Amino acid sequence: MVKFQKTDGQYNFDDSVFPSVVLNEGQFDSVEATNQWVQANMAEIEAELSKSGAVLFRGFPIDSAETFDAFSAAFGYPSFTYQESLSNAVRINFTERVFTANEAPKEVEIYLHHEMAQTPISPEKLFFFCKSAADQGGATPICRSDQLFNALKSELPELAKQFENKGLRYTTHMPSQDDALSGQGRSWASTLSVESKAQAEAKLAELGYDWQWQEDGSLKAITPVLPAVLTLETGKKVFYNQLVAAYMGWAGVRDDPSRALAFGDGSAIPKEALERIAELSENYTFDLQWQDGDVALLDNKITMHGRRPYSGERKRQVLVALAA
């Protein structure tokens, strides 16, 4: 049996709370015992995750990349490795399954997004592990995108219909070399897992991209039409995309959204609409204030996430494992 706890600031949405919280109150003192408990209670954990979209495990004996690897593996989800992804965020692997959440400087905010929703290949679930919390700041904001889409439909129904019917195309710029100072600085060779321009073009063509090589050796890539809204098996509709992150955080996009964002038919997304979506998202966002050893499991189809800036002498270190 799993005992879910209440926490300050928790939302109540329909038949669920957001996020759900599970505390280890001394029952488990080893990773082995914890993993056995996970395996014995998977049906209940899965049911809660499908309703809430986020489950926080606090106080469990998870204290390293290796114990986090073992804990995330205990759920039995197929692994989704960083190498096989098309993410253009710079990250560092600790194990094959576990890597850093983002290498962007601590003063940079990472805005709300569904992981890799700007690519044709994205994970189903995300595990976050706080190895070391920051002195100040560094929370992980999480947002229920079904609630955001409901609010958008209520306030701007025609716009919501356009997103649902047209989908999105994203334009991304991949540098010729990894740029660790950028949250989106992974090179085209690393992003595409290729060694030459010819291999890159073959991979892009296979995935349905358009592209242009730039004079400095970087790559401008335009995605095929990707969804802005998904309908889940439950019938729930979710605002599944990278609009908030791209508009608020990608270089130059807030000044000129067309640099990175368009409806699937190529038409422009109004700037005021993107501003309003970013504003609305804050109404359904919970800031997860990390404690050392915390693990959060997110359903990537329901819950967006980001990263607040942080400061202080203590290095914030949040690691990630993805599941297909």
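Q: How many helices and strands are there in the chain?

A: The chain holds nine helices and 21 strands, where helices (H or I, at least four residues) and strands (E, at least two) are DSSP runs numbered from the N terminus. The radius of gyration, taken over C-alpha atoms, is 19 Å, close to the 20 Å that the globule rule gives for 324 residues, so the chain is as compact as a globular protein of that length; the rule itself is 2.2 Å times the number of residues to the power 0.38.

Q: What should be kept in mind about the origin of the model and its numbering?

A: This is a predicted model, in which local features need pLDDT of at least 70 and side-chain atom pairs count only at pLDDT 80 or more, while totals for chains, interfaces and linings use all residues. Residues are numbered from 1 along each chain as its sequence is written, and side-chain values use heavy atoms, with hydrogens and water left out.

Q: Which residues of helix α5 are buried?

A: The general idea is that an α-helix has 3.6 residues a turn, so residues three or four places apart point the same way. In α5 (residues 157–166) the buried residues are Leu159, Ala160 and Phe163, buried meaning under 20% relative accessible area, exposed over 50% and partly exposed in between, with a 1.4 Å probe and protein chains only.

Q: What covers the buried residues of α5, and which residue follows the helix?

A: Judged by contact (heavy atoms within 4.5 Å), the cover includes α4 (145–155), β11 (168–174), α8 (243–249), β16 (261–263) and α9 (271–281). The helix is followed by Gly167, whose phi is positive, near 70°.

Q: Where do Asp14 and Ser193 lie, and are they buried or exposed?

A: Asp14, in the loop between β2 (11–13) and β3, has a positive phi of about 50° although it is not a glycine, and is exposed, with a relative accessible area of 74%. Ser193, in the loop between α6 (188–192) and α7 (197–207), is likewise not a glycine and has a positive phi of about 55°; at 48% relative accessibility, Ser193 counts as partly exposed.

Q: Which peptide bond is cis?

A: The bond from Phe18 to Pro19 is cis, with omega near -5°, and Pro19 lies in the loop between β3 (16–18) and β4 (20–23).
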